[in-house]
Amino acid sequence: MHAGRANRREHRPENSDGGRQDGHEGGRRSATRARRLVVSVLTAAALAGCGPAPTVSTRPDPSAVAVTPSAEASASPSASAVSAPPPTTGTPAPGTPASSSPSPVLVPTSPAPPAPSAHATVLSMAVATRGGRLDLVRGGPAQEFTVTLRGGNTQAYRHLLLTFQMESLVPEPGDTPGPARSFVLEHQDPATGTWRPAELRVANDLKPYALHSGGAPLARDAVRTERYRLRATATGPTGSSPVVVDAVDTDAPSGAPRDRERPGHFSLPHTTRRP
């Protein structure tokens, strides 16, 4: 029995030394693996940090170059919608001046052109008869003619008088002396149609317009037509002399211009011959 215990004691140191050696070797192997792992991690991190820098391309962006007006126009509303800031409806902070809406821009406008005024017109007078002239025969029938007055838009007349004058005819060989008034002028009353005597002045001088009186009114733009007739008596001179018809404003002031005193004037050709 003692011999067996001695043998076990003798074998224990050998086993304990071998275990210690095995433990030391295992620890060294673990430390080596740990160091390798740490080195691998650090190497990977270093390689990741020192990798090649990304290259910057200098080629233009095809999408930016190929922008067409239609694409730009179609993209404008969406871009403006994205970039436009939302409206602020909050109350401004104390001490901050309230922003007022921008004043409307007043575009200067040119004044409207004045309305065109009516063209100024003055009195006009026209005399019409058969054939455009008076062709009378001694002792023959009378020939009618009309006098038409057209009032202008510049003046109304209270007394407008029609006057008739003819220069004296020089007797020719074979003419029979006649009465002092060898022509008879008549005016037709527009209300009754009756022919009444009218004054025909036969003279070689002009009667001043200021010496005339009377006449009928004529409003602005009014039109009036008067009817007359002239005949030659059986005896008297023959020849040609125009009948001068004047429209005299008997209210014209003394010394007024002729056109003011006599706004209407017409010369009607006339010839009287023997039968």
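**What is the volume of the second largest pocket?**

The second largest pocket has a volume of about 290 Å³. Of the 18 residues lining this second pocket, Pro179, Ala180, Ser182, Val202 and Pro237 are the closest to its centre. Sorted by class, its lining holds ten nonpolar, five polar and three charged residues.

Pockets are found on a 1 Å grid over the protein atoms alone: a pocket is an open set of points where a 1.4 Å probe fits, with protein on both sides within 12 Å along at least five of seven lines, and lining residues have an atom within 4 Å of a point. Grid points are joined across faces, edges and corners, and the volume is the space filled by probe spheres set on the points. For the classes, Ala, Val, Leu, Ile, Met, Phe, Trp, Tyr, Cys and Pro count as nonpolar, Asp, Glu, Lys and Arg as charged, and the others, Gly among them, as polar.

**About the model**

This is a predicted model, in which local features need pLDDT of at least 70 and side-chain atom pairs count only at pLDDT 80 or more, while totals for chains, interfaces and linings use all residues. Residues are numbered from 1 along each chain as its sequence is written, and side-chain values use heavy atoms, with hydrogens and water left out.

**The chain as a whole**

The protein chain has four helices and 13 strands; these are DSSP runs numbered from the N terminus (helices: H or I, at least four residues; strands: E, at least two). Of its 275 residues, 24% are buried, where buried means under 20% relative accessible area (1.4 Å probe, protein chains only). Take the contacts (heavy atoms within 4.5 Å) between residues at least 6 apart in sequence: 79% of them join residues at least 24 apart.

**The largest pocket**

Now for the largest pocket, with its volume of about 540 Å³. Its lining has 29 residues, and Leu162, Thr163, Phe164, Gln165 and Glu199 lie nearest the centre. By class, 14 of the lining residues are nonpolar, seven are polar and eight are charged.

Which strands each supply at least two residues of this lining? They are β4 (157–166), β5 (183–188), β9 and β11 (243–249). The largest share, seven residues, comes from β4.

**Strands side by side**

Two strands pair if DSSP finds at least two bridges between them. Strand β11 is mostly covered, with six of its seven residues buried. Seven bridges join β11 to β4, and the two run antiparallel; leucine 162, for example, has alanine 247 of β11 as its bridge partner. β11 also pairs with β12 (residues 264–268) in the antiparallel sense, over five bridges.

β10 runs antiparallel to β13 (residues 270–273), joined by two bridges, and glycine 239 has threonine 272 in β13 as its bridge partner.

**A look at arginine 224**

Arginine 224 sits in strand β9 (residues 223–232). Why does arginine 224 count as buried? Because its relative accessibility is 17%. Its side chain reaches the backbone oxygen of proline 217 at 2.8 Å. Leaving out residues up to four places away in sequence, arginine 224 touches Val147, Thr148, Leu149, Leu160, Ala216, Pro217 and Leu218.

Conventions
Buried means under 20% relative accessible area, exposed over 50%, partly exposed in between (1.4 Å probe, protein chains only). A polar contact is a pair of N or O atoms within 3.5 Å; within protein, one must be able to donate a hydrogen and the other to accept it, and residues adjacent in sequence count only if both atoms are side-chain atoms.
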